[in-house]
Amino acid sequence: RTPPWKLEAPTRLAATAGLTMVARKGDLGPTGVTLSNVLGNFISQMNLNGQIVFDVNYALGSGSPATTATEDRAMWIYFPGIGNVELCREGDATGIPGVVFRGTSATPFNTGSCTFNSTGTFLAKVDLSGAVTTGVDDAAIFMLSTGGHTLAARRGDAAPGIAGATLNVFNNTSIQLNDNHEIAFQSSLSGAVTTANDSAVFAGFVGNLQLVIRE
């Protein structure tokens, strides 16, 4: 019997004339920075409206003031018919007093496979620096949009539905966001836990997260 995947020849897309350049290495960004890389951390998603969120690297020394290694990575959103807008950048304020998006991480923004919804909101795990304690509260999950950023969960927060436990290390690839702005993620746990029950999945809305299942 012929395997089902061999029954039909693959169809090749030929409408290349309809493609639009979104971003290219060497393009100029905000404050005159130059793109040294596009998709440096392989973050790229498109929503139902054709908007695209993706990560870029800025060339050190480009722009005014000159870009440094603590602010050379960013997330952009492409809007069809309009162009690109910088969503967030290393060194930007987070809304938490004294805390910024970490500027010493090779991968300051990480996410899952379905985290860019039709409203142009992007959900990501971000590293933090500034008024933080390493290994205690130096990472968070943020809802990011051109209208502002919202903290969804932070390392060290009380774990919803688990007495005596706190959120610890977020699983980057587990993060999910839908069009209703509901989120879901897996996190390891600290505090009153053992190696047999130190991991859980949480879901819900910002400010109202619920325990889904626990190791």
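The questions and answers below go through a predicted model of one protein chain.

Me: Why is the pair of Tyr58 and Trp76 called tilted?
Reply: A pair of aromatic rings is described by the distance of the centres and the angle of the planes. For Tyr58 and Trp76 the centres are 6.3 Å apart and the planes stand at 50°. The limit for a pair is 6.5 Å, and planes under 30 degrees apart count as stacked, over 60 as edge-to-face and the rest as tilted. An angle of 50° falls in the rest, so the pair is tilted.

Me: What makes this a pair that links distant parts of the chain?
Reply: Tyr58 is in strand S3 (residues 52-58) and Trp76 is in strand S4 (residues 73-79), 18 residues apart. Both Tyr58 and Trp76 are buried. Together with Phe54 they form one aromatic cluster.

Me: Why is the pair of Phe101 and Phe109 called edge-to-face?
Reply: The ring centres of Phe101 and Phe109 are 5.8 Å apart, with 70° between the planes.

Me: How do you know whether Phe101 and Phe109 are buried or exposed?
Reply: Buried means under 20% relative accessible area. Phe101 has 0%, so Phe101 counts as buried. Phe109 has 3%, so Phe109 counts as buried too.

Me: How do you know in which sense S4 and S5 pair?
Reply: Two strands pair if there are at least two bridges between them. S4 and strand S5 (residues 83-89) have six bridges, in the antiparallel sense. One of the facing positions is Ala74, which stands opposite Arg89 in S5. The hairpin of S4 and S5 has three residues between the strands, and in this hairpin Gly81 takes a positive phi near 80°.

Me: What makes S9 and S10 a pair of strands?
Reply: The limit is at least two bridges, and strand S9 (residues 139-145) and strand S10 (residues 148-154) have six, in the antiparallel sense. Ala140 has Arg154 in S10 as its bridge partner. S9 and S10 form a hairpin with two residues between them.

Me: What makes Thr31 and Leu39 worth a look?
Reply: Most residues other than glycine have a negative phi, and most peptide bonds are trans. Thr31 has a positive phi near 60° and lies in the segment before strand S1 (35-38). Leu39 also has a positive phi near 60°, and its place is the loop between S1 and strand S2 (44-46).

Me: Why is Leu39 called partly exposed?
Reply: Leu39 has a relative accessible area of 31%. Buried means under 20% and exposed over 50%, with partly exposed in between. The value of 31% lies in between, so Leu39 is partly exposed.

Me: Which peptide bond is cis?
Reply: The bond that joins Ser64 and Pro65 is cis, with omega at about 5°. Pro65 sits in the loop between S3 and S4.

Me: Why does Asp55 count as buried?
Reply: Asp55 has 4% relative accessibility. The limit for buried is under 20%, so Asp55 counts as buried. Asp55 is in strand S3. Leaving aside neighbours within four places in sequence, the contacts of Asp55 include Leu39, Phe42 and Ala74. Asp55 and Asp27 are 28 residues apart in sequence and 14 Å apart in space, C-alpha to C-alpha.

Me: How do you know whether Asp138 is buried or exposed?
Reply: Asp138 has a relative accessible area of 7%. Buried means under 20%, so Asp138 is buried. Its place is the loop between strand S8 (122-130) and S9. Not counting residues up to four places away in sequence, Asp138 touches several residues, among them Arg102, Asp127 and Arg155.

How values were computed: Residues numbered from 1 in each chain as written. Predicted model: local features only at pLDDT ≥ 70, side-chain atom pairs only at ≥ 80, totals over all residues. Heavy atoms only, no water. Phe/Tyr/Trp six-rings, centres within 6.5 Å; stacked < 30°, edge-to-face > 60°. Helix = DSSP H or I, 4+ residues; strand = E, 2+ residues; numbered from the N terminus. Buried < 20%, exposed > 50% of the residue type's maximum accessible area, 1.4 Å probe, protein only. Contact = heavy atoms within 4.5 Å.
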